[in-house]
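Trainee: I have a new model open. Show me how to read it, feature by feature.

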Amino acid sequence: MVIIGAGVAGLTLATFLRRSGVSCIVLERRDRATIEVRQRAGVVEARGVQMFERWGLADKLLAGPVAHTIDYRINGVGRIFGVVADGGSQSRFCTQQMLVNNLLRELVDVMSGDVRFNVADVMIRNDLNGRPAVTYSDARGEHELACGYIVGCDGNRGVSRASIPDGVLTSYTHEFGYAWLAALVEAPVVGHPIMGVSDRGFVAQLPRGPKMSRYYLQCALNDGLADWPDQRIWDEIRLRLREQTIENAAVHDKDVVPLRCVVHVPMQYRNLFLAGDAAHLASPTGAKGMNLALYDVDVLAQALVRAVRDRDETGLTNYSDTVLPHIWKYQEFSVWMTDTMHDAGDPTQHGTFRQMIARARLDNLFESSTAARLHTELQRGLN
Ligand code: RFL
């Protein structure tokens with residue numbers, strides 16, 4: 001088995017396989033130090049927590065439960081949404097960087113898993129004649145790995161999906177027409193995580209550890225980092241949250257992220273299986289991208305173990321059909337969250353009618369216990 005990509009999807013899959021006694025090799029184009037510091041998601045939803053519990057890894061990999069509240073703030077007026085408790089598993093705080101580090105420790109340092117960093121020129125052979133194989137090069141030369149199955153966990157711009165011949169995949173894409181300026185700052189969330197609507201555009205502040213948080217500011221698609229010096233970031237945060245007392249803090253990392261949703265169907269071709277961002281992207285408003293990657297590899301790991309141990313490929317044959325209904329459900333949630341949180345604010349993009357509709361949707365969350373329960377289920381990934 002060869003897994004391409006040592007992000008959340010690739011490392012989780014390799015860890016599950018290794019714990020099941022199935023050997024695999026992970027090929028990663030970056031060095032270990034680089035993938036250990038990539039910061040993005042912050043929460044493993046309740047469904048993912050249940051998955052890690054089932055694989056006996058939750059307490060090794062994840063930190064404590066997350067706050068059960070979100071401050072949905074409209075032009076400075078906050079309403080605190082309380083996640084409806086049902087006594088089941090709670091979502092847990094775990095930044096993507098923390099999860100990747102913990103997976104690397106478990107897989108490489110504890111279980112001596114085979115992760116090869118700094119590889120280049122990865123190519124896939126997946127034709128009908130002969131055994132599947134992956135070739136790559138590194139500092140020691142060129143290599144070929146003959147294998148039974150190949151899993152593409154190499155993100156949206158990797159080689160795995162690109163290796164599938166034209167005409168096999170259908171790509172469903174939705175562009176929202178705006179972007180986010182994402183800034184990791186040295187200031188914790190004080191009070192509740194914020195999802196903010198403002199007539200200057202969307203703003204959010206989400207926790208990223210005891211000393212850090214990440215702010216998101218809606219911006220134009222063609223904005224670059226040069227348009228967002230640190231002082232402008234803090235000025236906009238104060239204006240959009242209507243909190244003039246917020247003080248500037250160090251900005252550690254910033255990026256401009258266009259908002260889009262994409263699903264590539266089917267998520268497999270012959271002996272190649274796609275998982276995580278290699279197969280789909282969800283706009284970050286719903287906080288689902290990493291969590292969907294975890295869902296894919298949970299299903300795929302079980303199917304691969306059955307194929308190797310019991311020579312039963314049913315799970316692999318059905319992989320794409322099994323995961324896609326869940327992927328589409330959470331694409332819908334991501335689109336709902338993105339439209340609602342952006343349309344409710346600045347009406348320049350979609351007009352005042354959509355603004356009022358979006359605000360009515362938010363009102364529903366606070367006025368209907370049925371709407372609140374559904375929103376909670378979707379946030380926890382349990383729907
Ligand atoms: P990754 O994490 O991108 O890992 C892919 C790995 O493959 C390697 N690679 C290759 N290796 C070998 N050969 C090649 N040719 C290769 N090409 C690529 C790369 O170096 C890398 O190590 O994909 P994966 O594992 O599928 O994980 C997906 C998640 O990273 C992604 O969905 C999330 O970060 C999305 N996301 C969020 N998800 C959440 O669940 N909650 C959130 O709050 C959340 N916030 C976010 C996000 C994504 C964001 N950006 C940057 C788009 C916030 C932002 C701003």
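This is a predicted model: local features need pLDDT of at least 70, side-chain atom pairs count only at pLDDT 80 or more; totals for chains, interfaces and linings use all residues.

**Reading the model**

Trainee: Does tyrosine 72 count as buried or exposed?

Mentor: Tyrosine 72 is buried, because its relative accessibility is 3%. Residues are numbered from 1 along each chain as its sequence is written, and side-chain values use heavy atoms, leaving out hydrogens and water.

Trainee: How many aromatic pairs does a search of the whole structure find?

Mentor: First the rule: rings of Phe, Tyr and Trp (its six-membered ring) pair if their centres lie within 6.5 Å; planes under 30 degrees apart are stacked, over 60 edge-to-face, the rest tilted. Here the search returns 13 aromatic pairs. Tyrosine 72 with phenylalanine 81 is one of them: edge-to-face, 6.2 Å centre to centre, with 70 degrees between the planes.

Trainee: And is phenylalanine 81 buried or exposed?

Mentor: Phenylalanine 81 has a relative accessible area of 2%, so it is buried. Tyrosine 72 is buried too. Now take another pair, tyrosine 172 and tryptophan 328. Their rings are edge-to-face, 5.5 Å centre to centre, with planes at 85 degrees.

Trainee: Which elements hold tyrosine 172 and tryptophan 328?

Mentor: Elements are DSSP runs numbered from the N terminus: helices (H or I) of at least four residues, strands (E) of at least two. Tyrosine 172 sits in strand 12 (residues 170-185), and tryptophan 328 in helix 9 (residues 319-343). The two are 156 residues apart, so this pair links distant parts of the chain. At 43% relative accessible area, tyrosine 172 is partly exposed. Tryptophan 328, at 38%, is partly exposed as well.

Trainee: Which residues do ring pairs link into a cluster?

Mentor: Phe16, Phe52 and Trp55.

Trainee: On to the ligand. Which residues come nearest?

Mentor: A residue is near if one of its heavy atoms lies within 4 Å. The ligand has 32 residues around it, and Glu28, Arg38, Gln96, Asp277 and Met290 come nearest.

Trainee: Which elements give two or more residues to the shell around the ligand?

Mentor: Helix 1 (8-19) and helix 7 (289-310) do. Helix 7 has the largest share, three residues.

Trainee: What is phi of arginine 270?

Mentor: Near 50 degrees, a positive value in a residue other than glycine. Arginine 270 is in the loop between strand 17 and strand 18 (272-274). Arginine 270 is partly exposed, because its relative accessibility is 39%. Arginine 311 also has a positive phi, near 55 degrees. Arginine 311 lies in the loop between helix 7 and helix 8 (314-317). With a relative accessible area of 75%, arginine 311 is exposed.

Trainee: One more strand residue. Where is glutamine 205 found?

Mentor: In strand 14 (residues 203-207). Glutamine 205 is buried, at 5% relative accessibility. A 3.3 Å polar contact joins its side chain to that of tyrosine 215. A polar contact is a pair of N or O atoms within 3.5 Å; within protein, one must be able to donate a hydrogen and the other to accept it, and residues adjacent in sequence count only if both atoms are side-chain atoms.

Conventions: Buried means under 20% relative accessible area, exposed over 50%, partly exposed in between (1.4 Å probe, protein chains only).
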